[in-house]
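The sequence and structure are shown first.

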Amino acid sequence: MAEATKKKNYRVSEAYKDLTELSADLIASYGPTIVELDISYNKFKDLRFLQELPKLKSLVADHNHLTSHVKIPHCASLETLWVNQNRIQNLSLFIATVAKSCPNLKILSMMKNEAAPSFFNGGDYQQYKDYRYFVISSLPNLEVLDFSRITPAEKSEALRIYPISIVHTSKSKSGKRKRKSKASP
């Protein structure tokens, strides 16, 4: 089930098991030491179990039943998230959740979701670029989106097009939106 490394960090695959949740035994035995988890080709709708995996750096959750409304707890150590071919339709809602819950995310892949337009699902080039710009502007630490490295020029253009992203704004006392500084908690 799990392969141990020298530091007692574990890589766990629960792929292709028709699961809707992780077993309590697996979480109790390995939860605090899991750094990589593959739950692909299952029936997960919820990711709240991630709160039991404090060291998790990589989650592969391709081909599940995740939607734009998925619940994701705070995952400070998560750097890689693959949610290809799920049921994610509302990009802004999903990305707001990811940005809030996964502040250190570096790699995100959302291919073959309705919210991620591309040639694979009937989207055109402009829709694809706009999708990329929105995601890049919302996730400041992101380095790779859908297997494509983010260039400095692309990041600059994303911030020009979306200067006040959904994630980096707050309402002031007057009710007007203002950009949070990078030093804000």
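Y16 sits in the loop between strand 2 and helix 1; helices (H or I, at least four residues) and strands (E, at least two) are DSSP runs, numbered from the N terminus. With a relative accessibility of 61%, Y16 counts as exposed. The cut-offs are under 20% relative accessible area for buried, over 50% for exposed, and partly exposed in between (1.4 Å probe, protein chains only). Leaving out residues up to four places away in sequence, Y16 touches S40, Y41 and N42, where contact means heavy atoms within 4.5 Å. Y16 and Y41 are 25 residues apart along the chain, and their C-alpha atoms are separated by 4.9 Å.

The model is predicted: local features need pLDDT of at least 70, side-chain atom pairs count only at pLDDT 80 or more, and totals for chains, interfaces and linings use all residues. Residues are numbered from 1 along each chain as its sequence is written, and side-chain values use heavy atoms, with hydrogens and water left out.

## N42, a buried loop residue

N42 belongs to the loop between strand 3 (34-38) and strand 4 (58-60). Is N42 buried or exposed? N42 is buried, because its relative accessible area is 4%.

Two backbone oxygens lie within reach of the N42 side chain as polar contacts (a pair of N or O atoms within 3.5 Å; within protein, one must be able to donate a hydrogen and the other to accept it, and residues adjacent in sequence count only if both atoms are side-chain atoms). The backbone oxygen of E14 is reached at 2.8 Å, and that of S40 lies 3.2 Å from a polar atom of the side chain. Apart from neighbours within four places in sequence, N42 is in contact with E14, A15, Y16, K17, D18, L19, H63, N64 and H65.

## Other loop residues

H63, one of the contacts of N42, lies in the loop between strand 4 and strand 5. H63 is partly exposed, at 23% relative accessibility. Its phi is near 55°, a positive value in a residue other than glycine. F147, in the loop between strand 7 and strand 8, also is not a glycine and has a positive phi of about 65°.

E21 is placed in the loop between strand 2 and helix 1 and counts as exposed at 58% relative accessibility. E21 and F49 are 28 residues apart in sequence, with 7.8 Å between their C-alpha atoms.

## The chain and its core

The chain has four helices and ten strands, in the order β-β-α-β-β-β-α-β-α-β-β-α-β-β along the sequence. Of its 185 residues, 44% are buried. Among contacts with a separation of 6 or more, 47% join residues 24 or more positions apart.

The largest nonpolar core has 46 residues, of which L37, F49, L59, L108 and M110 touch the most other members. Strand 2 (10-13), helix 1 (24-30), strand 3, helix 2 and helix 3 each supply at least two residues of this core. Such a core is a set of buried Ala, Val, Leu, Ile, Met, Phe, Trp, Tyr and Cys residues joined through side-chain atoms within 4.5 Å. Not counting residues up to four places away in sequence, L59 touches L37, I39, L47, L50, L78, T80, L81 and W82.

The buried residues of helix 2 are L91, F94, I95, T97, V98, A99 and S101. Their cover includes strand 5 (80-82), strand 6 and helix 3.

Helix 3 (residues 125-138) has 14 residues. At its start, a side-chain oxygen of D124 comes to within 3.1 Å of the backbone nitrogen of Q126. The buried residues of helix 3 include Y131, F134 and V135, and its buried residues pack against helix 2 (91-101), strand 6 (107-109), strand 7 (144-145), strand 8 (148-149) and helix 4 (152-161). Helix 3 and helix 4 pack at an angle of about 85°, with their axes 8 Å apart; axes are lines fitted to C-alpha atoms, for helices over the stretch in contact, and angles run from 0 to 180 degrees between N-to-C directions. Helix 3 is therefore roughly perpendicular to helix 4, a term for angles of 65 to 115 degrees. On the helix 3 side the contact is made by K129, R132, Y133, I136 and S137, and on the helix 4 side by E154, K155, E157, A158, L159 and I161.

Technical notes: Expected span 1.5 Å × (residues − 1). Parallel < 35°, antiparallel > 145°, perpendicular 65-115°, else oblique.
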